[in-house]
2 protein chains.
Amino acid sequence: MRINELKPILGKKRSDAAVFYNSDSSKINANMLYFSGYKGLGALVIPKKHAPFLIVPEMEMQRAKKSMVKKVYSMNKKRFFESIYKIARKNRLNTKNIAIDKSSFTLNSYRHFRNQFKKIKSKDIAFECLKLRETKTEKEIRILKKSCAYADKILQKAIKNFRHFKTESQAAAFLEYEAKKLGLELSFSPIVASGSNGSMPHHEPSNVKIKNDFCVIDFGVKYKGYCSDITRTIYVGKPSEKEKEMYNMLLKIQENAIIQIKSGKKCSEIYDFVVKSLGKYRNYFTHGLGHGVGIEIHELPNLSLSSKDRIKNNMVFTIEPGIYFPKRFGIRIEDTLLFKNKPVLLTKTSKDLLII
Amino acid sequence: MRINELKPILGKKRSDAAVFYNSDSSKINANMLYFSGYKGLGALVIPKKHAPFLIVPEMEMQRAKKSMVKKVYSMNKKRFFESIYKIARKNRLNTKNIAIDKSSFTLNSYRHFRNQFKKIKSKDIAFECLKLRETKTEKEIRILKKSCAYADKILQKAIKNFRHFKTESQAAAFLEYEAKKLGLELSFSPIVASGSNGSMPHHEPSNVKIKNDFCVIDFGVKYKGYCSDITRTIYVGKPSEKEKEMYNMLLKIQENAIIQIKSGKKCSEIYDFVVKSLGKYRNYFTHGLGHGVGIEIHELPNLSLSSKDRIKNNMVFTIEPGIYFPKRFGIRIEDTLLFKNKPVLLTKTSKDLLII
């Protein structure tokens, strides 16, 4: 966690402190978690010149004290920003120049915030935080490797048991159960999309029978707060030659895309390479080629046509081309990989077409 | 779904349309889902005088077409608000007076929004939307009853199997698995908190052994998009007389709190009743008494000291007093109930102290 790397950013933004908050216990503020290790209700204040502190409701005090932040104060949840202001003042914080994440700060929260921090000149550090999180530390990489290894292991177990699943829901339930038994969270709700459902990239598994057709399985776990992400498309039944060809074409493109990854290369170029390789099928590839993976399942870099990002050492991201034929079927093949002088696959499950 | 009830609100706010958006596929915009049945990426526009329409990325077109909204347009995800603006103009929408949910609109999204909707006079309808969702329609009540019945069924099955669970994680995994097998989502990650972990109301289940002690189990599913919420505290091993007394005291308070619920009654009064009943233990009750339940797990009404809400017909909410002794143990007993002339329990699992 790089609280010290935030300090020069505060200097550059002429801010005396950064304030992150989470006012909804069913959500997570990724930056608060990144800088403090705490993900419950409350606020994290990082002064430029002093130690950071957390301000949390009484019910969260014990959880907060288990975080990396030493100073923890109790707040009145109903007077959320008033509590933060008072404790900031008590800590002799200059409350005028404050840096905030404007991509997570809502308009109404900001109104309450400004009612307290009256003469505030807020500066946005949303992008700077994303950029900090874009390249991973050695410790984060170790955790991400483990997260991907768990995803591999559970996915393989599910594929091995696949003939026992009657419905998409059962397969998805199995994936979740195996993760939870190991004390892992999920990166996102697993996607199990059989046949024509596979043509919807974000299909939600339902109580429908798994057909004799392609089946897209998109899955990832969270290990120590860090995500993994892998997709395999298997075939239930007997694929036609044409279907096998289609799969192998996409697989070749996915593998070639990975070969394209080089230090300093524009992510948009890699995306463009895939679109060109798809030829006449290009219009059936309806989403980005990949995304960074970390505390959040979607981070920088962004591998799409409009991306300004370039490949750098210690980035962890996905490569996931797909083709989707509406009402017919979909195929997607996705790996999470690390770039360290060269691309290193973190997800390692075989990509040969598995026929069940 | 009450798109028609939103229209008089637009009139009152002198707005020509409401715009809701979701720019993060890992999140849900509850109001967009409520009014359209669609929960993916994109925007929902509800003009005061015309039919609503959705604007979604190409990859989400099929999902959107399955929603309740007939008109669906394709957007360029990278030019999110520009796409919305252009399609709004094509639909001859007056783009000056627009109502938005300022509790979910972020500062950065608003900046992009305003770059397109240049002379916008935005009005906040966050509170009005919450108020619409506070009382449920007959159809919603039917769904919520079913959601609670599922939560009961799965919780009871878990309790029956409890002696087989070695760790909190295993018990939590079982709850999730049973939900997923039935094609249900979760309202939130289940809480299974044994012994001293139970003193943290939001404890996350971990790979620790279930102790001979109290164990708090807080669980709920989503059925057709609607949440349920139930907590039972069981005892593993042999409780002391003092522990039994403590449990029965809290149970009596929970039951008496339910008796307090009457039409027009202030929610803060019911909260106050519980605090007074707790007597010397009042400081160990560190959260609100309850919350509305619907599409989101936390909705109106809010049953806390500072709440201005009053009990009304067709509200669905929880009653969940708890006592938490730091580093020792916690007890919480929670039901979801409907108010219809009188309180009607929707969760029905026995509340007698279960000793395993």
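Q: What distance separates the centres of domain 1 and domain 2 of chain A?
A: In this predicted model, the centres of domain 1 of chain A and domain 2 of chain A, taken over C-alpha atoms, are separated by 34 Å.

Q: And where do those domains run in the chain?
A: The domain assignment of chain A places domain 1 at 3–133 and domain 2 at 135–345.

Q: How many residues of domain 1 of chain A are in contact with domain 2 of chain A?
A: Six residues of domain 1 of chain A are in contact with six residues of domain 2 of chain A. On the domain 1 side, the elements giving two or more residues are α2 (30–36) and α6 (126–134) of chain A, and the residues of that side divide into four nonpolar, no polar and two charged.

Q: Staying with α6(A), which of its residues are buried?
A: The buried residues of α6(A) are A:E128, A:C129, A:L130 and A:R133.

Q: What do the buried residues of α6(A) pack against?
A: They pack against α1 (3–12), α2 and β14 (299–303) of chain A.

Q: Changing topic, what does chain A look like overall?
A: Chain A has 10 helices and 19 strands, and its C-alpha atoms fill a box of roughly 70 × 40 × 35 Å, taken along the principal axes. Buried residues make up 51% of the 356 residues in chain A.

Q: What radius of gyration does chain A have, and what would a compact globule have?
A: Chain A has a radius of gyration of 23 Å, which agrees with the value near 21 Å that a compact globule of 356 residues would have.

Q: What share of the contacts in chain A join residues at least 24 apart?
A: If one takes the contacts in chain A between residues at least 6 apart in sequence, 63% of them join residues at least 24 apart.

Q: Now the other chain: how many residues of chain B are in contact with chain A?
A: 41 residues of chain B are in contact with 41 residues of chain A. On the chain B side, α3 (61–65), α5 (107–116) and α8 (168–181) each supply at least two residues.

Q: Which element gives the largest share of that side of chain B?
A: The largest share comes from α8(B), with eight residues.

Q: What's the make-up of that side by class?
A: The side of chain B that touches chain A has 13 nonpolar, 19 polar and nine charged residues.

Note on methods
Residues are numbered from 1 along each chain as its sequence is written. Chains are lettered from A and ligands numbered from 1 in the order in which they are written. This is a predicted model: local features need pLDDT of at least 70, side-chain atom pairs count only at pLDDT 80 or more; totals for chains, interfaces and linings use all residues. Domain bounds come from an automatic or database domain assignment. Two residues are in contact if their C-beta atoms, placed from the backbone, lie within 7 Å. Helices (H or I, at least four residues) and strands (E, at least two) are DSSP runs, numbered from the N terminus. Ala, Val, Leu, Ile, Met, Phe, Trp, Tyr, Cys and Pro count as nonpolar, Asp, Glu, Lys and Arg as charged, and the others, Gly among them, as polar. The radius of gyration is taken over C-alpha atoms; the globule rule is 2.2 Å times the number of residues to the power 0.38. A residue is buried if 20 or more other C-beta atoms lie within 10 Å of its own, exposed if 12 or fewer, and partly exposed in between; C-beta atoms are placed from the backbone.
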